[in-house]
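Please read the model below alongside its sequence.

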Amino acid sequence: MRFYDTFRREWLVNAPTELLSGVLVALALIPEAIGFSIVAGVDPKVGLYASFSIAVVTAIVGGRPAMISAATASTAVLMVTLVKDHGLQYLFAATVLMGLLQIIAGALRLGLLMKFVSRSVMTGFVNALAILIFLAQLPQLTHVGWQTYTMVAVGLAIIYLFPLLTRRVPSALVSIVALTAFAIFTGVKLRTVGDMGDLPSSLPVFAIPHVPFDLETLKIIFPYSLTMAAVGLLESLLTATIVDDMTDTGSDKNRECAGQGVANFVTGFLGGMGGCAMIGQSVINVTAGGRTRLSTFTAGCFLLFLIVVLGDWVKQIPMAALVAVMIMVSISTFSWPSLQNLGSHPLTSTVVMLATTLVVVATGDLSKGVLAGVLLSGVFFAAKVARLLDVTSELSEDGRERTYFITGQVFFASSNSLVDAIDYLGAPERVRIDVSQAHFWDITAIGALDDIVLKLRRHGATVEVLGLNKASSTMVERFGTHHRPEAERRKAAH
């Protein structure tokens, strides 16, 4: 009964809407998959087969229902050198290994690393993707006639106005169908999907990559597989978090890691390139009403049906219709409130968001932008916590004993401040260091405590450390030196 309830919730809710959402996404996947194949330097069928395979497999085993995964630009750019230097079969082998590494990541529960990505980084990531999605449409809008601009404008009008009539059918799907029908019947000259590249006419076939199964092959493909696995998981987990927010539902990030791995592992044997989650297509799916695995599964299956069975019709879809959809996606993806919050949010949060956005847009590399944002977040957080450290002192009435009261967090960023807060030259006979309101986090903090005690001893003071909590005491016992006999011998030597 529990299995049936889960199956119904993840597959059978509002099936008509899910099916239509999947059809819309399938249409949007075709030019993307062909374009990414060109980027990677492979035949268009490699990207199309990958998009079919990855979408279907992640629909079944992934951790985020309604999220769309397929061939992507972020992984395609990593394959260029491998394909150029070693050929297509090594790409398939690298894709299989990429999947295995992602499965291992899921088993190691690396999806929990998303907890370290701040809201500012997420906002910067989303805004950068929105900008990149829009910029990717510009080649289709340059050196074209007024007909293309008119079609894009009409497409956007349909997308935004049709919901006023009904929301039962995705307006983006209506736009694509209407513009395609108009282009076919009027014979207007426009760039079409067929101009992007040849569509395959047969189903993908299972085949083991034709590469030597030896250590030399592993040395060649492992660096590429590791990089693709890391970038693919990063983009997939971030996209999953975005879909979580859009749908107000949760997802299993560790299952998503493993699911992406299974998808890429299978894809390598079906003649496809590695891929990951796609925020643009995921936004299309969710905006059109997709909420379950059925929409993702439909997108993959209908994509294969389109290119193999309806290829002659698909070739006639004007690119202007798909450009209109992607412009809508970029507008929907961008976090417009983030612009309003530039003056009201803390400066550090704004800097992290802008840095993430700028690095991604400047490099076209999502992983570099997110890494920059996470590092900046860590630096700003450490600096903020370090400022919370407070040191006060009291001198006894007879002037022979001083007590230091340490409050706050002692770690690598605050340890120097602690050391500098102690008066060594004016130390009395006895010094008590009360740390009952403090916590020592790392070996740098323990080293700072050692330095303080040993310096005070060198100036003739008897030092007593009071109030260590259990965790701090354990750290001192393992890594500290001031309480060991050899510390006294070093003091005597001085």
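The model is predicted, so local features need pLDDT of at least 70 and side-chain atom pairs pLDDT 80 or more, while totals for chains, interfaces and linings use all residues. Residues are numbered from 1 along each chain as its sequence is written, and side-chain values use heavy atoms, without hydrogens or water.

Helix H2 covers residues 15–40; helices (H or I, at least four residues) and strands (E, at least two) are DSSP runs numbered from the N terminus. Its 26 residues should span 38 Å at 1.5 Å a residue, and the end C-alpha atoms are 36 Å apart, which agrees; the expected span is 1.5 Å times one less than the number of residues. H2 has a kink of about 30° at Leu29, shortly before Pro31, taken as the angle between axes fitted to the seven residues ending there and the seven starting there. Of the 26 residues of H2, 20 are buried, so the helix is largely enclosed by the rest of the structure (buried means under 20% relative accessible area, 1.4 Å probe, protein chains only). Just after H2, Gly41 has a positive phi of about 80°.

Four strands form an open, mixed sheet in the order E3-E4-E5-E6, where pairing requires at least two DSSP bridges. E3 (390–395) and E6 (462–466) are at the edges with a single partner strand each, so one side of each lacks a neighbour in the sheet. E4 (residues 401–410) and E5 (residues 430–440) pair in the parallel sense over nine bridges; Phe405 has Asp434 in E5 as its bridge partner.

Notes: Buried means under 20% relative accessible area, exposed over 50%, partly exposed in between (1.4 Å probe, protein chains only).
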